[in-house]
Amino acid sequence: MSGKNLRKVRAILAGGLVLGVGAAVTLAAWNDSEFAQGTFTAGSFNVQGSNNGTDYADHEAAGGGLKLTFGNVTDNLSANETVYASYWLRLAKGSTTGGTLQPAGVTVAEAAGVSDNADAISYVINQVPAGGSCGPGVGTQVASGTDLRSQTAGTVRGVPLVAGANGAEGPAVQLCIAVTAGDETAFDQGLSTTATWQFDAVSG
């Protein structure tokens, strides 16, 4: 083989070696993939009230507020007298997260041109310890008002709400609402007043 042809063969072989190396690199570039996925389901949060600690239901509008029983003197309240009513709240079955119960104030339903004793009645709301009873000086204050049209600033304290385990109802929180009539100079005979307390439950 002439020197010229030998150089051609060497050039071809060299090219083949380059091509061979290139093919080997291509074959070594394996491809694979991984995927991650998450499912996000909204939780549930629902608070219910009871006036006897046994029967619970939703009362989500002021017009459908739960009727509380203030002893046996609601229709015969006297000046300087204090009456008490228990109010239980809990997170309903299926609630998946806890939260805080926050007293949001009180309003009075007033008919045009009709007087009432709202300005002459004060109130205090206490949280009753488990197994306690609603009465004078029992529990820890969560809100108060010098009259039935207001909630005194600085007296409000949130109350924890706990969700039940495995979808069950949460443990109940008992509140005691104490209502006190003013003296004879302010508390007038024969007038009727309907007050509605609002409690907001916030999850988290």
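Colleague: Which side chain does the side chain of Q174 join in a polar contact?

Modeller: In this predicted model, Q174 has its place in strand β7. Its relative accessible area is 11%, which lies under the 20% cut-off, so Q174 is buried. A polar contact of 2.9 Å joins the side chain of Q174 to that of S86.

Colleague: Leaving aside neighbours within four places in sequence, which cysteine is in contact with Q174?

Modeller: Neighbours within four places in sequence are left aside here. The residues in contact with Q174 then include S86, Y87, W88, N126, Q127 and V128. The list also holds G132 and one cysteine, C134.

Colleague: With which residue does C134 form a disulfide?

Modeller: A disulfide is a covalent bond between the sulfur atoms of two cysteines. The structure holds one disulfide. Its sulfur atoms are 1.9 Å apart, and the partner of C134 is C176.

Colleague: How many residues apart in sequence are the parts that the pair C134 and C176 ties together?

Modeller: The disulfide is formed by C134 and C176. C134 lies in the loop between β4 (121–128) and β5 (140–145), whereas C176 lies in strand β7 (residues 173–181). The pair therefore ties together parts whose separation in sequence is 42 residues.

Colleague: Is the disulfide of C134 and C176 right-handed or left-handed?

Modeller: The handedness follows from the torsion about the S-S bond of C134 and C176. That torsion is about 75 degrees, so the disulfide is right-handed.

Colleague: Does C176 count as buried or exposed?

Modeller: C134 has a relative accessibility of 22%, so C134 counts as partly exposed. For C176 the relative accessibility is 2%. Because buried means under 20%, C176 counts as buried.

Colleague: With which residue does E169 form a salt bridge?

Modeller: Side chains of opposite charge can pair when their charged atoms come close. The structure holds three salt bridges. In the one formed by E169, the closest N and O atoms are 3.9 Å apart, and the partner is K93.

Colleague: How many residues apart in sequence are the parts tied together by E169 and K93?

Modeller: E169 lies in the loop between β6 (159–161) and β7, while K93 lies in the loop between β2 (82–91) and β3 (99–108). At 33% relative accessibility E169 counts as partly exposed, whereas K93 is exposed at 60%. The parts that this pair ties together are therefore separated in sequence by 76 residues.

Colleague: Which residue is linked with D116 and D119 in a network of salt bridges?

Modeller: D116 forms a salt bridge with R149, the closest N and O atoms being 3.2 Å apart. The side chain of D119 also meets that of R149 in a salt bridge, at 2.4 Å from N to O. The residue linked with D116 and D119 in the network is R149.

Colleague: Is D119 buried or exposed?

Modeller: D116 has a relative accessible area of 16%, so D116 is buried. R149 is partly exposed, with a relative accessible area of 32%. For D119 the relative accessible area is 57%; because this is over 50%, D119 is exposed.

Terms used. Residues are numbered from 1 along each chain as its sequence is written. This is a predicted model: local features need pLDDT of at least 70, side-chain atom pairs count only at pLDDT 80 or more; totals for chains, interfaces and linings use all residues. Side-chain values use heavy atoms; hydrogens and water are left out. A disulfide is a pair of cysteine sulfur atoms within 2.5 Å. Helices (H or I, at least four residues) and strands (E, at least two) are DSSP runs, numbered from the N terminus. Buried means under 20% relative accessible area, exposed over 50%, partly exposed in between (1.4 Å probe, protein chains only). A polar contact is a pair of N or O atoms within 3.5 Å; within protein, one must be able to donate a hydrogen and the other to accept it, and residues adjacent in sequence count only if both atoms are side-chain atoms. Contact means heavy atoms within 4.5 Å. A salt bridge is a side-chain nitrogen of Lys or Arg within 4 Å of a carboxyl oxygen of Asp or Glu.
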